[in-house]
Amino acid sequence: MSLVLDRTAPTDAPILDVLAERWSTRVFDPETPIDEAALRSALEAARWAPSGMNHQPWRLIVARRGGDAHARVVSALMGFNQAWAPAAGALIVVLAETETAEGEARPWALYDAGQAAAHFTVQAHTEGLATHQMGGFEVDALRAAFDIEPRFVPVTVIAVGALGDVDAAEEGLRQRELAPRERRTIEESLLVDA
């Protein structure tokens, strides 16, 4: 059973081990409950993510496997995500508060919510949890399922839980999990490097 995989990124420059080792699995153990202490630490890391003027313009929905909230999040997932994500111990919906209750715009909310999600995933990895962020979900379905105010915009859904047995996964999924990790070069990402 392959419950520990070395998926360390082949970096071109040294980076922190936790960043090089973090990867997005689609294979979660459907039996192991979410490690509540590890989840709490990941939520705490999200809480301390940087934000413009310390507005912290993000909110989270934590939906543990087996509960009604989890089922509602799963029903809002699209396509292939509905095949693998239900096995995660929890699904975390990250929302950006794009304006205040008084209607004042928060132009950096999406960026700041992304930082909270990133801090969550790095801390979760450090705590031994596997994660996968998803953009494949129906915003309107999430809004309806949780009666979300228009000023809150769902940005991503993060599957989090114990890593499953990659060797036992369906062949297509297993191949995706074991494929070499690739990224474009730094130079390809730089529009200007003066």
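This is a predicted model: local features need pLDDT of at least 70, side-chain atom pairs count only at pLDDT 80 or more; totals for chains, interfaces and linings use all residues.
Ala90, Ile92, Val94 and Ala96 point one way from the strand. Leu91, Val93, Leu95 and Glu97 point the other way. In a regular strand, side chains alternate between the two faces of the sheet.

Buried here means under 20% relative accessible area. Glu97 is among the buried residues.

## Strand 2: its partners

Which strands pair with strand 2? One is strand 1, residues 58–64. Strands 1 and 2 run antiparallel and are joined by seven bridges. In this pairing, Ile61 stands opposite Val93 of strand 2.

Strand 4, residues 152–161, also pairs with strand 2. This pairing is antiparallel too, over eight bridges. Here Ala96 stands opposite Val153 of strand 4. Val93 and Ala96 point opposite ways from strand 2.

## Helix 2 against helix 5

Helix 2 covers residues 36–47 and helix 5 covers residues 109–126. The two pack at an angle of about 145°. Their axes lie 7 Å apart. The crossing of helix 2 past helix 5 is right-handed.

Which residues make the contact? Helix 2 supplies Leu39, Ser41, Ala42, Leu43, Ala45 and Ala46. Helix 5 meets them with Ala116, His119, Phe120, Gln123 and Ala124. Eight residues of this contact are nonpolar and three are polar. No charged residue takes part.

Notes
Residues are numbered from 1 along each chain as its sequence is written. Side-chain values use heavy atoms; hydrogens and water are left out. Axes are lines fitted to C-alpha atoms, for helices over the stretch in contact, and angles run from 0 to 180 degrees between N-to-C directions. Helices (H or I, at least four residues) and strands (E, at least two) are DSSP runs, numbered from the N terminus. A crossing is left-handed if the near helix is turned anticlockwise from the far one by less than a right angle, and right-handed if clockwise. Contact means heavy atoms within 4.5 Å. Ala, Val, Leu, Ile, Met, Phe, Trp, Tyr, Cys and Pro count as nonpolar, Asp, Glu, Lys and Arg as charged, and the others, Gly among them, as polar. Buried means under 20% relative accessible area, exposed over 50%, partly exposed in between (1.4 Å probe, protein chains only). Two strands pair if DSSP finds at least two bridges between them.
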